[in-house]
Amino acid sequence: MGFSTDAIHAGQTPDKATNAVIPPIYMTYTYAQEEFGGNQEYHYGRSQNMTRNILEQNIAVLEDGKYALAFSSGVAAIHSLTGILKSGDHVIVSDNVYGGTYRLFDKSLSQFGITFSWIDFDDLLSVEKAITLQTKILFIETPTNPLLNLIDINRVSELAHKHNLLCVVDNTFMTPFFQKPLNLGADVVIHSSTKYLNGHSDVIGGLVVMNDKVVFDKIKFVQNSIGAIPSPFDCWLVLRSIKTLAVRMKQHNKNALQIAKILSSNKNIKKIIYPGLETHPQHELAKEQMTGFGGIITIELNDFEKTKSFLNKLKIFTLAESLGGVESLVNHSATMTHASLSNEGRLKIGITDSLIRISVGIEDVEDLIQDLNQALK
Ligand SMILES: *Cc1c(COP(=O)(O)O)cnc(C)c1O
């Protein structure tokens with residue numbers, strides 16, 4: 001089936017009880033047991049919920065995976081994935097990941113004897129050098145946030161498999177509409193469904209997708225034992241949103257490409273980063289592993305004063321955390337999403353005080369361009 005057909009239908013046959021076309025929100029945490037000692041599928045809401053299971057089946061199909069699990073947030077999904085590790089295990093992480101992922105690994109999980117190496121995945125030799133007998137996972141995010149560097153998923157997967165490791169890809173920025181890491185060799189895909197998948201800035205959620213039954217069983221066990229599950233209502237909202245994922249992503253991409261091209265010639269901008277521009281150093285890789293370039297543009301202005309004034313003058317673009325919603329947002333990485341990194345750590349990967357991440361929404365592009373232009377003056 002085509003992507004939109006799957007997005008609208010996968011996992012969603014009419015409800016058995018009533019033939020309802022839209023999956024009901026199963027707001028129940030307990031289920032009547034048909035007989036004493038029986039072995040029925042549904043018995044307690046943390047372990048099983050029909051609305052959640054439908055969402056899991058839906059995202060599994062969209063990512064071309066066999067299994068998926070839903071969580072209460074993107075970081076809960078990442079945390080639950082790492083629940084398959086034990087004290088002493090080692091993970092190699094791309095050095096520019098979502099700030100919350102950094103905080104989870106560096107501040108929380110490191111207290112439990114799991115160690116992390118932060119490596120630039122442009123240099124696969126240094127990644128290979130960092131592999132030890134304790135290494136279990138290569139964890140990457142591509143494109144990276146907010147610098148939009150790309151990592152070659154195919155090559156990282158090959159390296160992972162050569163050393164018997166899992167290749168995990170955070171696919172939040174692209175969604176399966178533009179990038180399918182499992183088809184490029186990855187073992188596990190992570191999503192913050194808070195972003196494009198839900199797309200309406202009203203749900204926090206996370207998803208994990210994979211093909212391997214052993215990995216699935218382990219993470220399913222963690223889902224139940226840690227219990228970071230999403231509510232049935234949140235699952236229903238994400239399912240509803242995914243039905244329009246294709247049309248939203250096409251529009252995000254179209255608007256962002258047009259804005260990126262126009263901003264490229266604006267002399268008040270020191271630097272513009274967008275994978276869809278030919279000036280992006282990895283534009284060729286972008287065309288190879290993605291079928292679109294997404295809705296995130298990162299710009300650098302000339303100094304901090306101009307950055308502040310630009311952010312204050314915008315009218316349609318809202319200054320806010322997060323990205324991937326239908327409305328356009330701007331984010332000052334150094335003080336907002338990446339505040340959990342040290343000054344030094346930020347500068348090392350290129351997050352200056354004048355860097356702004358733009359999440360291009362699906363409003364009329366003429367209005368967005370006009371707003372950016374007036375604020376840049
Ligand atoms: C937001 C985000 C996360 C974390 O997701 P939450 O739903 O906020 O917990 C993880 N990875 C990426 C790339 C993100 O943008």
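Helices (H or I, at least four residues) and strands (E, at least two) are DSSP runs, numbered from the N terminus.

In α12 (residues 304-313), Thr 307, Phe 310 and Leu 311 are buried. They lie on the same side of α12, because they cover an arc of only 95° around the axis, taken from the directions from the helix axis to the C-beta atoms. Glu 305 and Asn 312, on the other side of α12, are exposed. Buried means under 20% relative accessible area, exposed over 50%, and partly exposed in between (1.4 Å probe, protein chains only).

Five of the five residues of strand β2 (residues 90-94) are buried, so β2 is largely enclosed by the rest of the structure. One side carries His 90, Ile 92 and Ser 94, the other Val 91 and Val 93.

Strands pair if DSSP finds at least two bridges between them. Strand β3 (residues 115-119) runs parallel to β2 and is joined to it by five bridges, with Ser 94 opposite Ile 119. Four bridges link β2 to strand β4 (residues 135-141), also in the parallel sense; Val 91 has Ile 137 as its bridge partner there.

## Basis of the model

Residues are numbered from 1 along each chain as its sequence is written, and side-chain values use heavy atoms, with hydrogens and water left out. In this predicted model, local features need pLDDT of at least 70 and side-chain atom pairs count only at pLDDT 80 or more, whereas totals for chains, interfaces and linings use all residues.
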